[in-house]
Amino acid sequence: MEDGRAREVTASINKAAQDEGVPVAVRHVCIACAERMRAVGVVQYVVSDLGQGEPVYATDLAAEQIAELQVTLGEGPAVDALAEERPMFAVDLTEPSRWPTFAQAAVEAGVRAVFAFPLQMGSIAVGVLEVYRAMSGDLTTVEYRDALLYSDAAMALLLEHIDDEPSAREVDLFAGGFGNRWDVVHQATGVISVQLRSGLSEAFLRLRGHAFLTGRGLADVAEDVIEGRLRFDRDDA
């Protein structure tokens, strides 16, 4: 039975890639997962060099915005799935939640339930596969097992394609994802680090804080930093 489910999951990923006529990439895992699990969105995160979960692909704009909000807030199922290295579920975001700010924004975006599965390499979580649904309610046992299989498929892609140095294979692996938006976030973090004479972690925290306080997207604020429209000062509150 389990072997049969695994074959079905693999076949769904391969079909998503075949429909595009390209090699299997992260987006095909997300696309297949969304269709099979009746999700309104699926997001893949990978741990960045700042130790944070960074979204590398979202199946649609709403999922992308929710994922970016999690990074900005430092709050949400994906954040805690990485920190605690175990699945995190919110089966009804309209009810009181351990992530109140995130839950409110997700509900406004049409999401009622979220399921985050860490990608485990040994005992360490190196990423998260996160599933958004428009209806509240828990996963069935079969859906839960399928989600783990999609997580395993994403992990296998990462292990197969990620090198110590950036490569064209990585570009292909994440093609169609957040792309330049997160390149700008990284560049802006470096600029802020120089402006504040601080480490990258503090610089990233200040960038996130400004995005949250102004109600703007993280990448949009980062672009202002790169273009010189926004500067951070060590004495700023």
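**Entry 1: the sheet**

The model I am reading is predicted. S3 and S4 are antiparallel and share three bridges.

Which strands make up the sheet, and in what order? I read off five strands, in the order S2-S1-S5-S4-S3. The sheet is open, and its pairing is antiparallel. I checked the edges next. Strand S2 (53-58) and strand S3 (88-90) stand there, and each has a single partner strand, so one side of each has no neighbour in the sheet. From one strand to the next, the twist averages 20 degrees.

I made a background note on pairing. Strands of a sheet pair through backbone hydrogen bonds, in a parallel or an antiparallel way.

**Entry 2: strand S1 and its partners**

I moved to strand S1, residues 41-47. Six bridges join S1 to strand S5, residues 124-133, and the two run antiparallel. I picked out two pairs across this join. Valine 42 stands opposite valine 131 in S5. Valine 43 stands opposite glutamate 130 in S5.

I then turned to S2. S1 and S2 are antiparallel too, with five bridges between them. Here I found valine 47 opposite glycine 53 in S2.

Is S1 mostly covered or mostly open? I found it mostly covered, with six of its seven residues buried.

I took strand S4, residues 113-121, next. Seven of its nine residues are buried, so I wrote it down as mostly covered.

How many bridges join S4 and S5? I noted nine, in the antiparallel sense. One of the pairs is valine 114 opposite tyrosine 132 in S5. S4 and S5 form a hairpin with two residues between the strands. I looked up phi in this hairpin and found that glycine 122 takes a positive value near 70 degrees.

Most residues other than glycine have a negative phi.

Then I looked up two residues with a positive phi. Arginine 38 has a phi near 55 degrees, and it is not a glycine. I placed arginine 38 in the loop between helix H2 (26-36) and S1. Is arginine 38 buried or exposed? Its relative accessibility is 58%, so it counts as exposed; the cut-off for that is over 50%.

Glutamate 85 also has a positive phi, near 55 degrees. I found glutamate 85 in the loop between H4 and S3. Its relative accessibility is 35%, so glutamate 85 counts as partly exposed.

I stepped back into helix H4, residues 77-84, and asked which of its residues are buried. I listed Pro77, Ala78, Asp80, Ala81 and Leu82. Glutamate 85 follows H4.

**Entry 3: helix H9**

I tested the length of H9. Why does its span make sense? H9 has 15 residues, and at 1.5 Å a residue they should span 21 Å. The end C-alpha atoms are 21 Å apart, which agrees.

I then listed the buried residues of H9. They are Ala203, Phe204, Arg206, Leu207, Arg208 and Ala211. Just after H9 comes glycine 215, with a positive phi of about 70 degrees.

**Entry 4: the second largest pocket**

Gly215 is one of the residues nearest the centre of the second largest pocket.

Which helices each supply at least two lining residues? I found helix H3 (61-73), helix H9 (200-214) and helix H10 (218-226). H3 gives the largest share, with seven residues.

Last, I sorted the lining by kind. Eight residues are nonpolar, four are polar and five are charged.

Notes:
Residues are numbered from 1 along each chain as its sequence is written. This is a predicted model: local features need pLDDT of at least 70, side-chain atom pairs count only at pLDDT 80 or more; totals for chains, interfaces and linings use all residues. Side-chain values use heavy atoms; hydrogens and water are left out. On a 1 Å grid over the protein atoms alone, a cavity is a set of points where a 1.4 Å probe fits but cannot get out, and a pocket is an open set with protein on both sides within 12 Å along at least five of seven lines; lining residues have an atom within 4 Å of a point. Helices (H or I, at least four residues) and strands (E, at least two) are DSSP runs, numbered from the N terminus. Ala, Val, Leu, Ile, Met, Phe, Trp, Tyr, Cys and Pro count as nonpolar, Asp, Glu, Lys and Arg as charged, and the others, Gly among them, as polar. The expected span of a helix is 1.5 Å times one less than its number of residues. Buried means under 20% relative accessible area, exposed over 50%, partly exposed in between (1.4 Å probe, protein chains only). Two strands pair if DSSP finds at least two bridges between them. Axes are lines fitted to C-alpha atoms, for helices over the stretch in contact, and angles run from 0 to 180 degrees between N-to-C directions.
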